[in-house]
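Q: Can you walk me through this one? I'd like to start with the charged pairs and then move on to the ligand.

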Amino acid sequence: MNTPAPSAFPDAARTWNSRFSTEDFIFGTEPNAWLREHAGAWQRGQRVLCVADGEGRNSVWLAKQGLLVDAYDIAEVGVAKARQLAAAQGAQVDYTVADCDHFDYGEARYDGVAAIFVQFADPAMRERMFHHIRRCLKPGGVLILQGYTPRQLEYKTGGPPFASHLYTEDLLRAAFAGFDLLALREYEAELTEGSQHKGRSALIGLVARKR
Ligand SMILES: C[S@@+](CC[C@H](N)C(=O)[O-])C[C@H]1O[C@@H](n2cnc3c(N)ncnc32)[C@H](O)[C@@H]1O
């Protein structure tokens, strides 16, 4: 039986700060593969937001591709490591320590949003976060999102152990109704993203353009 989902992770900052309090980059320093594959949707000089960016592997890589990158995360230890990674690689990213309900997303501010493994959010928090994402994109702006499907509960190779946090195609179609879906795919792959996302995984990827 699955563990019943809490309303949200209590004290997420403490939990994640403790997970990040190690010299290793627990999700690695290479960008997520779905993001790397689809980031050509954005052009050099465009402004992109990395939601809950953790230790910075995605924001740093995007900045090195010539994008203007803002990133936030609730865990100050993660953000400190992200700043170190950016400095070590000569990348410029505007980092903020913030939770997803309080970050200042603005309206029609971004050409792109990267939301990679942000399934800490329960359905209510997810709806608020997706609302911010829809709103902060400019018309024509593109969201690149990666998560796990409910099948991941069998694999147990990463992600939250709560079905209600996971994504299906129908869920993402409904959340981004009115966007043009450039890619929406459920698939399986071997992940090697640090120590935390490792092994056979049930994934879903979305690339969606705001009209
Ligand atoms: C699975 S990690 C993914 C990190 C990063 N996106 C990546 O792909 O490497 C989830 C991230 O969400 C952050 N997080 C958890 N709850 C949050 C919240 N309420 N607001 C903002 N960030 C949160 C954690 O600190 C952690 O960095």
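Q: Is R109 buried, exposed or partly exposed?
A: R109 is partly exposed, at a relative accessible area of 33%. Keep in mind that this is a predicted model.

Q: And what does R109 pair with?
A: R109 makes a salt bridge with D104, and their closest N and O atoms are 3.7 Å apart.

Q: How many salt bridges are there in the structure?
A: There are 15. Another of them joins E188 to R151, with the closest N and O atoms 3.7 Å apart. That pair links distant parts of the chain: E188 belongs to strand β6 (residues 179-193), R151 sits in the loop between β5 (137-148) and α6 (152-155), and 37 residues separate them.

Q: How accessible is E188, and how accessible is R151?
A: E188 has 30% relative accessibility, so it counts as partly exposed. R151 is partly exposed too, with a relative accessible area of 46%.

Q: What about R173, which partner does it have?
A: R173 bridges to E169, the closest N and O atoms being 3.6 Å apart. Both lie in helix α7 (residues 169-175), 4 residues apart, so about one helical turn separates them. R173 is partly exposed at 44% relative accessibility, and E169 is partly exposed with a relative accessible area of 23%.

Q: Then which side chain does D53 make a polar contact with?
A: With that of S59, at 2.6 Å. Beyond its neighbours within four places in sequence, D53 is in contact with residues including A71, Y72, D73 and Y95.

Q: Why call α3 largely enclosed?
A: Because 7 of its 8 residues are buried. Among them are R57, N58, S59 and W61. Just after α3, G66 has a positive phi of about 95 degrees.

Q: Now the ligand. Which residues are closest?
A: Of the 19 residues that surround the ligand, the closest are A52, R57, D73, C100 and I116.

Key. Residues numbered from 1 in each chain as written. Predicted model: local features only at pLDDT ≥ 70, side-chain atom pairs only at ≥ 80, totals over all residues. Heavy atoms only, no water. Polar contact = N/O pair within 3.5 Å; in protein donor to acceptor, adjacent residues only side chain to side chain. Contact = heavy atoms within 4.5 Å. Near = heavy atom within 4 Å. Buried < 20%, exposed > 50% of the residue type's maximum accessible area, 1.4 Å probe, protein only. Helix = DSSP H or I, 4+ residues; strand = E, 2+ residues; numbered from the N terminus. Salt bridge = Lys/Arg side-chain N within 4 Å of Asp/Glu carboxyl O.
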